[in-house]
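Here is a friendly briefing for anyone meeting this structure for the first time. Please take a look at the sequence and the model, then read on.

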Amino acid sequence: MRISARWLTGCVLMLLALLQVGCAVAPTHPALQGDTLPPLIPAREFFANTRSNGAYQLSPDGRQLGWIGVYGTAPALFVRPVDADGLPTGVDRVVAPGLGGFRWAQDSRHVLFSRDQGGNENYHLFALDTLASEPRARDLTPFPGVAVHLHQLLEDTPSQVLVLHNRRDRRLFDLYRLNIVTGEESLVQRNPGDALGVVTDRAGQVVGAIRKQGESVSLHASFTDIAEAREVLRWHADELVTVVGPDAQRRGFYLISNLGRDRRALVHLDVATGQQRLVQDDPDVDIDSVWRSPRTGVLLAALSYPGHQRVHPLDADWTRDIERFFPERPRQMALLSMAQDERLMTVMVDTDTERRFLLLDRRTGRSTELGQGTANAYRAQLGVTRPVQFMARDGLPLHGYLTLPPGHEQRAPGPMVLHVHGGPWVRDYWDNGLGNAQFLANRGYAVLQVNYRGSTGYGKRHQLAAIGEFAGKMHDDLLDAVDWAVAQGVADPQRVAIMGASYGGYATLVGLTFTPERFACGVDTVGVSDLVSLVENVPPYWEPNMQIWHRYVGNPAIPEQRAVMKAKSPVHRTAEITKPLLVIQTTNDVRVRQDQSDTVVNAMRARGQPVEYLLLSGAGHRSQSLSWGQRLQVQRRVEDFLGACLGGRSAGFDYFELAAWVL
């Protein structure tokens, strides 16, 4: 490649300019003065860490161990053999550079993974032979414009899987049997037009369908002939019912449901009688998920998250093993994989001060460390995230997480970042990794995350309280959270920033347009500015589930509701913005399109209002679609922006930024 002198000169000048601004910026807020803050951690350690590792998974036969590490600067799949004693052996092999997630096929030879193009969310299913001399990924579903979901691995036919895709009709997903070696597929179940999902047994036989009729959702099932399926359960679309799967006796289904109760519980539905039997609940919050045996389907444990994780054991052998390996329960544990014979399993274990990845041998009781979280090396420089609870102004209990910089207790109220999760029908969980909260805390900020009304996990009342409350009580919850932090002596009321992505970006824009006096600045990432445009331009496969948006936000096809949606859209109130705003948007976002941000930025610039705009090419709505260089670019921009606004500190130019620019 021929390099021009002009290009080389430009690179040299840029490098010199960057080096000149590379010094760390000291904090200016009075509460952050002195030597109480820990040393700065470079931004690259959070968002481009070359020692990152995780997702350790055993192949079903227990003979191979795969995990995601870093090769060069990009994620990659590593594989190592496991010997007859259940210990990793041999040499690590990099079998798939650029791969950020995977799942072992039942043949214990291939790995499966999903990938889209540039964040367009049309995920295809790929297979890769880990034992090949030169492993190459093969697209098993090379259908343009089609989204594919891996539905189930098939133990009895290891070379086949069940997938759902919308090739026939972009609005609907049909079920197919797919050969991962040849790529041949056959139709298993055609979507009749109202099916939101299918339920299959361990052999892959369709035994149920979740169907939607108006404002009702129902489970239709048959264990003998799905063509003869009948309705066995019906619920309103406002209620939350997740079908875990059929029981081993094929007499009924396990559900996580809030039918007839406020909080979701694990229940068993008997198909013959229609009776529901309580299996496990939590006195404070919803049952979130369950762990099941890969061999028998037996329920091992139910999980809930009132603050830190609660594990509710459901199997005697499992309970015995967990108590043997962890006599002192960790803050959080994730079951990453279990071999088919259930002897070996991999887990991630968190405490307040460390994260470890372990290989557990249930036969011998041996625990082998596979890796450590990247945050472990910096624990003295990080804060502790703790659960918090307070009341909204209307009496609704609110929960969240507060992360404080080390030494915060010895200081006066300081700058705070209100970090708002997206969704909004998801929630924040406790986490001790190198994420946004720890990055901001290391810069000197208290970070408050709130599971405002509408967030999942806290019962039906908490979720239904969000109906019609975009830019209303949902925003009041955020303001009440700030008031609580001020009353606790945590936050300086004049130095509070609001930031978030997706709905969190919408909340940021609402904060700066509806209550501009409450926030010092805001960071909006792929945030909704126009509710009408959002609902009218959803991807086609969202259509069967749009009722929740119409119920909570409004239907723009109804003039009265369209007017309300318009009134709650920050794009029509940009003249009210008086505080600094940083807008971050991607070009390929199919959920919150680029025009949602363009319109806000253009309106502000037309009035001469200052606004910063960072537009990232070739990425979509999810943060996983960003390259490591883009992630680093985003956080460095946020770091400098908040430093100028809140008076925190910045590490300055990170030399990885130059590498990202060159590469």
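**Cavities, sheets and salt bridges**

About 30 Å³ of space lies in the second largest cavity. A cavity here is a set of points, on a 1 Å grid over the protein atoms alone, where a 1.4 Å probe fits but cannot get out, and lining residues have an atom within 4 Å of a point. Grid points are joined across faces, edges and corners, and a volume is the space filled by probe spheres set on the points.

Please keep in mind that this is a predicted model, in which local features need pLDDT of at least 70 and side-chain atom pairs count only at pLDDT 80 or more, while totals for chains, interfaces and linings use all residues. Residues are numbered from 1 along each chain as its sequence is written, and side-chain values use heavy atoms, with hydrogens and water left out.

**The two cavities**

- The count comes to two cavities of 30 Å³ or more.
- Lining the second largest cavity are Ala471, Met474, His475, Leu478, Tyr503, Tyr506, Ala507 and Val510.
- Helix 6 (473-487) and helix 7 (503-514) each supply at least two residues of that lining, and helix 7 gives the most, with four residues. Helices (H or I, at least four residues) and strands (E, at least two) are DSSP runs, numbered from the N terminus.
- By class, the lining of the second largest cavity has seven nonpolar residues, one polar and no charged. In this scheme Ala, Val, Leu, Ile, Met, Phe, Trp, Tyr, Cys and Pro count as nonpolar, Asp, Glu, Lys and Arg as charged, and the others, Gly among them, as polar.
- The largest cavity has a volume of about 50 Å³.
- Residues lining the largest cavity include Asp238, Asp262, Arg264, Asp286, Lys460 and Tyr552.
- Helix 5 (residues 460-464) provides the largest share of the lining of the largest cavity, three residues.
- The lining of the largest cavity divides into three nonpolar, three polar and five charged residues.

- Strands of a sheet pair through backbone hydrogen bonds, either parallel or antiparallel. For this briefing, two strands pair if DSSP finds at least two bridges between them.
- Strand 9 is joined to strand 10 (residues 160-165) by five bridges, and the two run antiparallel. Histidine 149 stands opposite leucine 164 in strand 10.
- Six bridges pair strand 15 (residues 216-221) with strand 16 in the antiparallel sense. Leucine 219 has leucine 233 in strand 16 as its bridge partner.

**A hairpin and its next strand**

- Strand 5 (residues 103-104) and strand 6 (residues 110-115) pair in the antiparallel sense over two bridges, with tryptophan 104 opposite valine 111 in strand 6.
- Strand 5 and strand 6 form a hairpin with five residues between them, and serine 108 in the turn has a positive phi of about 60°.
- Strand 6 also pairs with strand 7 (residues 124-129), antiparallel, over six bridges. Phenylalanine 113 stands opposite phenylalanine 126 in strand 7.

**Salt bridges**

- The whole structure holds 41 salt bridges, each being a side-chain nitrogen of Lys or Arg within 4 Å of a carboxyl oxygen of Asp or Glu.
- Glutamate 45 forms a salt bridge with arginine 44 (4.0 Å, N to O), and both residues are buried. Buried means under 20% relative accessible area, exposed over 50%, partly exposed in between (1.4 Å probe, protein chains only).
- Arginine 51 also forms a salt bridge with glutamate 45, the closest N and O atoms being 2.8 Å apart. Arginine 51 counts as partly exposed because its relative accessibility is 45%.
- Arginine 320 and aspartate 321 meet through their side chains in a salt bridge (3.4 Å, N to O). Salt bridges that share partners join Arg295, Asp317, Arg320, Asp321, Arg324, Glu342 and Arg362 into one network.

Conventions
1 Å grid on protein atoms, 1.4 Å probe; cavity = no way out; pocket = protein on both sides within 12 Å on 5 of 7 lines; lining within 4 Å.
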